[in-house]
Amino acid sequence: MAGRTVRVQGFPAELPPDRAADKLTIHFLRSRNGGGDIADVRVLPGSPPCALITFEAPEVAQRTLKVKNHVLAIGRTQYPLEVTLHAAELRPDEVLRG
């Protein structure tokens, strides 16, 4: 999975995990968002919640990282998303947020 997974934050915490996964899947499947075929979406609990999206190909993950403004629209509300590359293993010197 190296290089194929991105970490996404910024979607509303009150959204049920299965609905969040559906909304994020739709967003990241769209080519205009740099997306493509998705292998897996996992919504992780926490405050703030985050999701790990694994694409079929690493180049798709790289494309999504190059998109400047990911905005998830739910109803009339827009949520700016923070998209970063997910490190498969954390190094001891990394600091976790949240």
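Among contacts in the chain between residues at least 6 apart in sequence, 62% join residues at least 24 apart; contact means heavy atoms within 4.5 Å. The model is predicted, with local features needing pLDDT of at least 70 and side-chain atom pairs counting only at pLDDT 80 or more, while totals for chains, interfaces and linings use all residues. Residues are numbered from 1 along each chain as its sequence is written, and side-chain values use heavy atoms, with hydrogens and water left out.

The chain has two helices and five strands, arranged along the sequence as β-α-β-β-α-β-β. Helices (H or I, at least four residues) and strands (E, at least two) are DSSP runs numbered from the N terminus. Of the 98 residues in the chain, 36% are buried. Buried means under 20% relative accessible area, exposed means over 50%, and partly exposed lies in between (1.4 Å probe, protein chains only).

Strand E3 covers residues 50-55, and six of its six residues are buried. In a regular strand the side chains alternate between the two faces of the sheet. Cys50, Leu52 and Thr54 lie on one side of E3 and Ala51, Ile53 and Phe55 on the other, and both faces are covered. Two strands pair if DSSP finds at least two bridges between them. The pairings of E3 are set out below.

| Partner of E3 | Sense | Bridges |
|---|---|---|
| E1 (residues 5-9) | antiparallel | five |
| E2 (residues 38-44) | antiparallel | six |

Arg7 stands opposite Leu52 in E3, and Val43 stands opposite Ala51 in E3. Five residues lie between the strands in the hairpin of E2 and E3, where Gly46 takes a positive phi near 145 degrees.

**The nonpolar core**

A nonpolar core is a set of buried Ala, Val, Leu, Ile, Met, Phe, Trp, Tyr and Cys residues joined through side-chain atoms within 4.5 Å. The largest such core has 19 residues, of which Val8, Phe11, Leu24, Phe28, Ile53, Phe55 and Leu81 touch the most other members. Two or more residues of this core come from each of E1, helix H1 (17-29), E3, helix H2 (58-66), strand E4 (70-74) and strand E5 (77-85). Beyond its neighbours within four places in sequence, Val8 contacts residues including Leu24, Phe28, Ile53 and Leu81.

Rings of Phe, Tyr and Trp (its six-membered ring) pair if their centres lie within 6.5 Å; planes under 30 degrees apart count as stacked, over 60 as edge-to-face and the rest as tilted. The count by this rule is one aromatic pair. Phe28 and Phe55 form this edge-to-face pair, at 6.3 Å centre to centre and 70 degrees between the planes. Phe28 is in helix H1 and Phe55 in strand E3, so the pair ties together parts that are 27 residues apart in sequence. Phe28 is buried at 0% relative accessible area, and Phe55 is buried at 0% relative accessibility.

**Helix H2**

Val60, Ala61 and Thr64 are the buried residues of H2. They line one face of the helix, because they fall within an arc of 100 degrees seen down its axis; the arc is that of the directions from the helix axis to the C-beta atoms. The elements covering these buried residues include E1, H1, E3, E4 and E5.

**The salt bridge**

A salt bridge is a side-chain nitrogen of Lys or Arg within 4 Å of a carboxyl oxygen of Asp or Glu. The whole structure holds one salt bridge. The side chains of Arg42 and Asp40 form a salt bridge at 3.8 Å, N to O. Arg42 is partly exposed at 44% relative accessibility, and Asp40 is partly exposed at 33%.
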